Every structure is written in C-alpha cells, then in structure tokens.
Amino acid sequence: MPDFNRTIINGRICSVPRYFRTNEGTAGVEFTLVSGKKFETKAGKAVDDTLYLDCKVFGKKAETISRYLGKGTVMLACGRLRMDKWFGELERKFSKIKMVLEDFEVIKTVSPETTAAMPELDQPPPRDSSEFE
C-alpha cells in the first residue's frame, strides 16, 4: 500500500504571512497556524492543549494569502507534513515538522482595521485593479 500523507487542521493564522519568491520565481508564503483545545482532566484541572504549526504555501494560493489574509484569520488548512532538517552550530542536527498547504478554506477573516495596523514585511507590490476587469 502506498504511503498517505494528508493533514487537515482548523486554526488561526498567528503570525503575519511572510511573502517570498523561490529561486525559480514561484511565489511563496510562510506563516504559523495555531490550533488549540481546552479541556478538563478527570481530576478537574483545566488544560490548554495548543499546537503551533509552521506552514508554507506556493503559487496562486500563496499570492491569495499574502494579499487577502492576515494575522487572526481562521482557516481550514489541508496539506501534507514535511520534515525540514539542517545543521546548526558545532554540526548539531535540527529538524522541524512543517505543513505544506495544498488547499485551504477561509472560515473567518479579521477586520480591515486590524489588517491595516499590521506591519507589511516582504509583501508583494499592491495589486493592479485592472487584473479584475
């Protein structure tokens, strides 16, 4: 049976999406998605189980996220998990699980006032209104 790597997560964008271009010129966006659950143990102790997941998306979907979505947006993200590996100081090995988005659905966006107050870091140039004509 072939391997199956598919993840679906509902969460909130908790970092300003960072726009970039690959060496080949493909648009990309990186951001962190947070998803959490609050529950009570049998002993009555309140527990906050929170997951922070770094995400990457490429192509038209990346351009859409960088232009229209921001910190605070609630989304349903679908994609695959990937492990990045690298060496740090003194040849120490590091690794981190990331999600590569293949599709997403916006559940709730943030207000324009909130979006306007967010700093724009490495964002693409403003869109030309003629592209919608």
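Q: Why is A46, a residue of strand β4, called exposed?
A: In this predicted model, A46 has its place in strand β4. Its relative accessibility is 65%, and since a residue is called exposed when that value is over 50%, A46 counts as exposed.

Q: Which residues does A46 touch, leaving aside its neighbours within four places in sequence?
A: With those neighbours set aside, A46 is in contact with F39 and E40, and the word contact is used because heavy atoms lie within 4.5 Å.

Q: What makes T7 count as buried or exposed?
A: T7 belongs to strand β1, which covers residues 7–13. The relative accessibility of T7 is 19%, and because buried means under 20%, T7 counts as buried. Apart from its neighbours within four places in sequence, T7 is in contact with A77, C78, G79, L81 and M99.

Q: How do you know whether I107 is buried or exposed?
A: I107 lies in strand β6, which is made of residues 93–108. Its relative accessibility is 52%, and as the cut-off for exposed is over 50%, I107 counts as exposed.

Q: Which residues make a nonpolar surface patch with I107?
A: The patch is made by I8, L76 and I107 together, and its area is about 280 Å². Nonpolar side chains are joined into such a patch within 5 Å.

Q: What makes β2 and β3 a pair of strands?
A: Two strands pair if there are at least two bridges between them, and four bridges join β2 to β3, which run antiparallel; therefore β2 and β3 count as paired. Among the residues that face each other, Y19 stands opposite V29 in β3, while F20 stands opposite G28 in β3. The hairpin of β2 and β3 has five residues between the strands, and in this hairpin G25 takes a positive phi near 95 degrees.

Q: How do you know that β1 pairs with β3?
A: Two bridges join β1 to β3, and because the rule asks for at least two, this pair meets the rule. The two strands run antiparallel, and the bridge partner of I13 in β3 is L33.

Q: How many bridges join β3 to β4, and how do the strands run?
A: 13 bridges join β3 to β4, and these strands run antiparallel. One of the facing pairs is E30, which stands opposite K56 in β4. β3 and β4 form a hairpin with five residues between them, and G44 in the turn has a positive phi of about 90 degrees.

Q: What is the order of helices and strands along the chain?
A: The chain has two helices and six strands, and along the sequence they follow the pattern β-β-β-β-α-β-β-α.

Q: How many of the contacts in the chain between residues at least 6 apart in sequence join residues at least 24 apart?
A: Of these contacts, 60% join residues at least 24 apart. As for burial, 29% of the 133 residues of the chain count as buried.

Key:
Residues numbered from 1 in each chain as written. Predicted model: local features only at pLDDT ≥ 70, side-chain atom pairs only at ≥ 80, totals over all residues. Heavy atoms only, no water. Patch = residues over 30% accessible without salt bridge, like charges linked within 9 Å, V, L, I, M, F, W, Y side chains within 5 Å. Areas by Shrake-Rupley, 256 points an atom, 1.4 Å probe, with all protein chains shown as cover. Salt bridge = Lys/Arg side-chain N within 4 Å of Asp/Glu carboxyl O. Buried < 20%, exposed > 50% of the residue type's maximum accessible area, 1.4 Å probe, protein only.
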